[in-house]
Amino acid sequence: MNEPDQSVATCAQMIDPFGRTVSYLRVSVTDRCDFRCVYCMAEDMTFLPKRDVLSLEELDRLCSAFVAKGVRKLRLTGGEPLVRKNIMQLFRSLGRHLESGALEELTVTTNGSQLARHAAELADCGVKRINVSIDTLDHDKFKKITRWGDLGRVMEGLRAAQKAGLAVKINAVALKGVNEHEIETMMTWAHGEGMDITFIETMPLGEISEDRTDQYLPLSLVRQRLQERFTLSDIPYKTGGPARYVEVAETGGRLGFITPLTHNFCESCNRVRVTCTGTLYMCLGQDDAADLRAPLRASESDDLLNTAIDEAITRKPKGHDFVIERQSSKPSVARHMSVTGG
Ligand code: SAM
Ligand code: SF4
């Protein structure tokens, strides 16, 4: 491991009331997106006015404050991070923390639509691995799920990413009756292309136009079905995120499961999230939050910001309590995933 960065004044680490060290920050750099995935957004979303959104310089300052407080892994997400104007400037400037060794990993979660034009530069900024979200390999179904997306373009992006030397992990939301019978095909495709793949259960975040109980497919069932045809062995592989991994003997590839609903993963949570307006959420599944934009904009020094972060970490809750049940059509949390970032 590299020596810590001397240019980043190190502050006290972030340790929450349950003794968990916060070392992973996910930042939603925009709430906007060029897709309208049915489980994520309504088609007629109202986006934030630009003045409420942190500038790229403010985002850099905010991220750097977290790095000084012990964040080792930083993921930019959204909305769609790669549709934000001049976003490469932010990757480029955050890359300095990789060079200095203060940050272990800078990464991104993307829908892949803009990857073809950005992949080489991402690699040049020090990004080594990326997550690309693809829920189906069927072009028509892809259009139905994303409403506005084009699978061909995303595939071009994947090729560009691999050519640039980026390791790609595919993220797919398991959707009952939609990609339920494609899971095996997607897994063998991803592994055949040298990519890891992770399946995610739908989370009850934000009002959407569909009924979530119709979409929810428990991954315990997915795993059970895969086990009828494949040999899955649990492995201790960790990427700092909530996925649990297995190795698939027949394909030699890695398969992850993110199961917020069937298996609570909160006990090992090392993450916090910031929205593009500078709101810090200590838990994806709870409403409690802290405003970091006011302290950020109130002074050029980071003292107020650091105090606000420290205070917020003392309020990190033990866990979430997502439920998807027939009786309640309301989401557990009103904000959309595109606000807090996946
Ligand atoms: N636009 C980028 C993308 O799609 O990868 C980044 C943001 S997106 C909100 C991050 C991840 O969250 C995606 O993999 C998406 O499939 C997932 N996601 C969105 N809404 C979700 C929900 N309600 N439940 C589970 N996963 C969700
Ligand atoms: Fe956009 Fe990602 Fe949400 Fe799809 S999941 S609408 S690509 S933010």
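A polar contact is a pair of N or O atoms within 3.5 Å; within protein, one must be able to donate a hydrogen and the other to accept it, and residues adjacent in sequence count only if both atoms are side-chain atoms. This is a predicted model, where local features need pLDDT of at least 70, side-chain atom pairs count only at pLDDT 80 or more, and totals for chains, interfaces and linings use all residues. Residues are numbered from 1 along each chain as its sequence is written, and side-chain values use heavy atoms, with hydrogens and water left out.

**View 1. Polar contacts of ligand 1.** A polar side-chain atom of glutamate 80 sits 3.2 Å from a nitrogen atom of the ligand. A polar backbone atom of glycine 79 is 3.0 Å from a ligand nitrogen. The side chain of serine 133 places an N or O atom 2.5 Å from an oxygen atom of ligand 1.

**View 2. The shell around ligand 1.** Here 18 residues surround the ligand (a heavy atom within 4 Å). Tyr39, Gly79, Glu80, Ser133 and Met203 are the closest. The shell has five nonpolar (Ala, Val, Leu, Ile, Met, Phe, Trp, Tyr, Cys and Pro), three charged (Asp, Glu, Lys and Arg) and 10 polar residues (the others, Gly among them).

Notes: Chains lettered and ligands numbered in written order.
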